[in-house]
Amino acid sequence: NPNATDGLEVFDIMTPNGDGLNDVFVIRGIKKYPNNTVRIYNRWGVEVYGVKGYGQDGQYFRGESNGRATINGDQLLPVGTYYYTVEYTNASGKLQQLAGPLYLNR
């Protein structure tokens, strides 16, 4: 997408059902910016997933919670709309932010 900020393209639908398509939250181009933080929130604003270095060393959101609000870690999240924030330092050294909805379907 030539209009993507810093070459990042966020896919806002994921289907973690094991078919190999959209099984993780895809942010195309995020590997170019290893100094990043990705957070996923539920509809009440509770963080259900957060990681520094998203896309590095296999760190991807797979529809499982690693947030403090879950009783058991790595709990499968229900179908629904979540919200993401992405913070990264671009090639110019400027802190950038992206945010939007993410629909999770199984």
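Author: Two strands pair if DSSP finds at least two bridges between them. Helices (H or I, at least four residues) and strands (E, at least two) are DSSP runs, numbered from the N terminus. This is a predicted model: local features need pLDDT of at least 70, side-chain atom pairs count only at pLDDT 80 or more, and totals for chains, interfaces and linings use all residues. Residues are numbered from 1 along each chain as its sequence is written, and side-chain values use heavy atoms, with hydrogens and water left out.

Reader: How many helices and strands does the protein chain have?
Author: Zero helices and nine strands.

Reader: Which strands form the open sheet, and in what order?
Author: Five strands, in the order β2-β9-β8-β4-β5, with mixed pairing. The edge strands are β2 and β5 (47-52), and each pairs on one side only.

Reader: Where does the parallel part come in?
Author: Strand β2 (residues 13-14) pairs in the parallel sense with strand β9 (residues 95-104), over two bridges. There, Ile13 stands opposite Tyr103 of β9.

Reader: How many bridges join β8 and β9?
Author: Ten, and this pairing is antiparallel. Strand β8 covers residues 80-89. Tyr82 stands opposite Leu102 in β9. The two strands form a hairpin with five residues between them. In that turn, Gly93 has a positive phi of about 85°.

Reader: What actually holds paired strands together?
Author: Strands of a sheet pair through backbone hydrogen bonds, either parallel or antiparallel.

Reader: New topic. Which residues other than glycine have a positive phi?
Author: Asn22 is one of them, with phi near 55°. Asn22 is found in the loop between β2 and β3 (27-28). Asp57 is another, with a positive phi of about 55°. Asp57 lies in the loop between β5 and β6 (64-65).

Reader: Is each one buried or exposed?
Author: Buried means under 20% relative accessible area, exposed over 50%, partly exposed in between (1.4 Å probe, protein chains only). Asn22 has 36% relative accessibility, so it counts as partly exposed. Asp57 has 79%, so it counts as exposed.

Reader: What else is in the loop between β5 and β6?
Author: Tyr54 is there. Tyr54 has 0% relative accessibility, so it counts as buried.

Reader: What does Tyr54 touch?
Author: Leaving out residues up to four places away in sequence, its contacts (heavy atoms within 4.5 Å) include Phe25, Ile27, Val38 and Phe61. Asn36 is also among them. Tyr54 and Asn36 are 18 residues apart in sequence and 6.4 Å apart in space, C-alpha to C-alpha.

Reader: And how much of the chain is buried?
Author: Of the 106 residues of the protein chain, 36% count as buried.
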